[in-house]
Amino acid sequence: TLSALTAVVVLCQAADIGRLSSHQSRYVNHPNWDLLPHDECGLVERSSTSTLKILKGNEAELGQFPWMVAILKPGLARIFCGGSLISDRYVVTAAHCVTPEIRIQQVVLGEHNQNQLMDCQGVRCSPPARLVKIEDIIIHPYYPLPGTDIALLRLNERITEFTDFVRPICLPTFRELAHRDVFDGQNVETAGWGTTEWGQDSDYLRHITIPVIPDWECSRWFISLPSTEICAKGDEGIDSCQGDSGGPLMARVRSSSCTRDYVTVLVGITSHGIPKFEGSGLCGDHIGIYTRVSDYMDWILDNICK
């Protein structure tokens, strides 16, 4: 997953795009708008000062990314792909993680260390991760065309209560996020259990901070970049990798709400990568390509139901 960092990430860092206010009317007026948990998404209860530094990587804090979903492949004991919880019934992920031949059947919510039933950091412990069956898989109808690597998973049971360890991420429906270049040059985060610098998948959920690069810069490496994809640049081992597919590219943004200072917004879905130089390794020095979630908001709203 994350062939990650040498430096400690500042957990309270937010994207510098102003405070979020109201949502775009095109989404608010959608008949399925109320199925999204607008007042409960993107919230994290975590220390603003403690970090866990790991050699060339960062282990996430317990509950740092409560929307992270682990996707399990039948017959495989390890986490296969990632995803993001977006409501009490739906997960969004990459289409290539859930094609029919893979036969995905279950996901795990609230996972941290995939080798342990219960996780603890210091005196803080999380409850056991929750295994949930999938009721339906909705792959974008244009997949596998470039830029359409997105799918929805409908869970076979409703998540009746959100906690510090299981909570949905916010979708990019705010007015301030309407412009395509709003995250250009901003530092964002991605997380997962994928391949590390040691060539093996990670036991722990890890995260990295990487900058979004504008389309014109990304076109230096990827001439035919679809408008529905967004690029982020890995350097010196800081990168997403195999096993991170489907996981979130996310930004922590200031909120104008009087009840919460920041919310985390889903910017992209980890899809694939392109080496920056000939002879570059599998990961660690790539341009990461992510499905741009804002371009699929209408499709998401059209395909969720009670």
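Predicted model: local features only at pLDDT ≥ 70, side-chain atom pairs only at ≥ 80, totals over all residues.
A cavity here is a set of grid points over the protein atoms alone where a 1.4 Å probe fits but cannot get out. The largest cavity has a volume of about 100 Å³. It is lined by 13 residues, and the closest to its centre are Gly 63, Gly 110, Glu 111, His 112 and Phe 165.

Now for the chain as a whole. Its secondary structure comes to 3 helices and 17 strands. Among contacts between residues at least 6 apart in sequence, 73% join residues at least 24 apart. Some overall numbers:

| Quantity | Value |
|---|---|
| Residues in the chain | 306 residues |
| Buried share of residues | 56% |
| Accessible surface | about 13400 Å² |
| Carbon and sulfur share of that surface | 50% |

On to the nonpolar packing. The largest nonpolar core has 52 residues, and Ile 86, Val 107, Leu 152 and Ile 300 touch the most other members. Elements that each supply at least two of its residues include strand 5 (79-85), strand 10 (130-139), strand 16 (262-275) and helix 3 (297-303). At least three residues of this core come from each of domain 1 (66-168 + 297-303) and domain 2 (175-294).

What does Leu 152 touch, leaving out residues up to four places away in sequence? Its partners include Ile 86, Tyr 90, Val 91 and Val 92, along with Asp 136, Ile 137, Ile 138, Trp 299 and Ile 300. Apart from this core lies another, of 21 residues, with Cys 170, Val 182, Val 188 and Ile 208 among them.

Key. Residues numbered from 1 in each chain as written. Heavy atoms only, no water. Core = buried A, V, L, I, M, F, W, Y, C linked by side-chain atoms within 4.5 Å. Buried < 20%, exposed > 50% of the residue type's maximum accessible area, 1.4 Å probe, protein only. Helix = DSSP H or I, 4+ residues; strand = E, 2+ residues; numbered from the N terminus. Domains from an automatic or database assignment. Contact = heavy atoms within 4.5 Å. Areas by Shrake-Rupley, 256 points an atom, 1.4 Å probe, with all protein chains shown as cover. 1 Å grid on protein atoms, 1.4 Å probe; cavity = no way out; pocket = protein on both sides within 12 Å on 5 of 7 lines; lining within 4 Å. Points joined across faces, edges and corners; volume = space filled by probe spheres on them.
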